[in-house]
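Good morning, and thank you for the time on today's agenda. Please look at the sequence and the structure as they come up, and I shall then go through a few of their features.

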Amino acid sequence: MATSASDYAQWIVSNQDKQGTPEFETIAQAYQAAKQQEASRVQFSAKEAIKNLPGSIVQEGKNVIGAITQPIDTIKGIGNLALGVAEKAIPGGPYPQEKYADAMGEYFGNKYGSKDAFLTELQNNPASILSDLSMFVTGGASGAAKLASLSKLGAKAAPALEKVAKVGTAIDPLNLAANTAGYGITKALPTTVAPKLYESAAKFSTTLSPAERARITETALKNQIPLSYEGLGMVQSKLTDLGDKMDNLIINATDQNIKIPASKVLTSLKDVKKQSGGFKIEAAQDIKEINNIEKQFKDYLKKNKITSVTPQQLQEFKTDAYQRIDFGRSPEKPSIPKEQSYKAMAGSARQSLEDLMPELKAINAQYGSLKELQPNLQRSVGRIENRDLMGLGATAKTGAGGALGGIPGALVGFGQSLLDSPKIKGKAALELYKKQNQGLGMFLDNSARNTLARQLIEQQFELNNQYPGLLSQ
């Protein structure tokens, strides 16, 4: 049975002998009708859709702004839609609010009810299609992930569903536009901007060397630590988690009855002696003190017949050595040879444990960098948090701006004070560092909840344009 103009044409060519019969006339008329129908079909142009995308994204933004500027109607409209959809699921209707759900169904039916309708919308308003697709993917995957996480079996699927939701937020046209602009800006800025901005806000002690300040700044940025009490809590939480991981590894190794030679902790002392010797004013005294520390420790091992230790004992030895030499715990700082010897022995203990459990190396490195950051961050946060609520700088600059330029001048002064705020500068540095190191991953870094809420608001606005006044009745 012929279904297209070409099918009808083929039949006509093959059946010329039937010309003049009712059957031939019927097929000829069907051929003409099919030709007209096919000519009226939408000829989709991807080039035209791309050309229309920027303007379409702007319109999506206007829809959101329009809905936000009419908050009462928007809230009432969303509520009516939600009630209408819920009533549709209840048998025994019709119910009063079902008309709102029917209007939404008609709206999407007109938009996607046929291939031509879909292609027309895709070509003329591509951002609207992306927004709808994003809404269904984000909402469906986020909801499924929440439900899945409620059961042990479903919990395994929840992370995968959350990734699908991230893809949904990434194709949202407003997120896409913002992330594209952000990607270009962050790539244009030098990678030195974020560290300089954070260090300027933190004002770490000048007694630290430039290398030390750069190192703790990098640690703070890498771990996304804000300059606040919340940031201090994050550091402590990370240290606790890393400590628990170390403890679990060490306990498991100890339970396996693994032993390490006790003399291993002395292996790095020869390097300390070498560094302390040479043409130095106290070289003789320093080497003598290091030798004395080594001898006393060996005598202690011999007297107590300690030839090997467990991983747990080695970890306790390392912790004790570090506590004795620094981190502001000692009432007085140890001598240089003593500090270097203890650090070398603690380092040898750490290396022995890492040789036994290679996974400890990364944990120790992260723990050490956070431990170095912690006291410096405490001093910076203490200084920042002790400022006035607006900050002395804000008060002075707002007042000076007001004196010079009235209300506009005061606003300019207050704006400048915000840019000088350590917390705001710190947050800006953290965000810039994150975006610069995310690469294309920044396109997936969107809030599913915020994206979905904005899309629902925008959809309500579009529906209200199609059916003026209906949703707010």
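**Burial, packing and cores**

I begin with K187, which counts as partly exposed because its relative accessibility is 46%; partly exposed lies between the buried class, under 20% relative accessible area, and the exposed class, over 50%, with a 1.4 Å probe and protein chains only. K187 sits in helix α10, residues 173-188.

A word on the source. This is a predicted model, in which local features need pLDDT of at least 70 and side-chain atom pairs count only at pLDDT 80 or more, while totals for chains, interfaces and linings use all residues. Residues are numbered from 1 along each chain as its sequence is written, and side-chain values use heavy atoms, with hydrogens and water left out.

For the chain as a whole, the secondary structure comes to 21 helices and two strands; these are DSSP runs numbered from the N terminus, helices being H or I of at least four residues and strands E of at least two. Of the 473 residues, 36% are buried. Among contacts (heavy atoms within 4.5 Å) between residues at least 6 apart in sequence, 71% join residues at least 24 apart.

Next, which residues of α16 are buried? They are P311, L314, Q315, K318, A321 and I325. Viewed down the axis of α16, the buried residues fall within an arc of 125°, so they line one face of the helix; the arc is that of the directions from the helix axis to the C-beta atoms. Their packing partners are α13 (229-255), β1 (260-261), β2 (308-309), α17 (336-356) and α18 (360-385).

Helix α17 also holds S348. S348 counts as buried because its relative accessibility is 3%. Leaving aside neighbours within four places in sequence, S348 is in contact with K264, V265, T267 and S268.

Finally, the cores. The largest nonpolar core has 49 residues, and Y198, L373 and L377 have the most contacts inside it. Such a core is a set of buried Ala, Val, Leu, Ile, Met, Phe, Trp, Tyr and Cys residues joined through side-chain atoms within 4.5 Å. Helix α13 gives the most to this core, with eight residues. Apart from it lies another core, of six residues, including I12, F24, I27 and A34.
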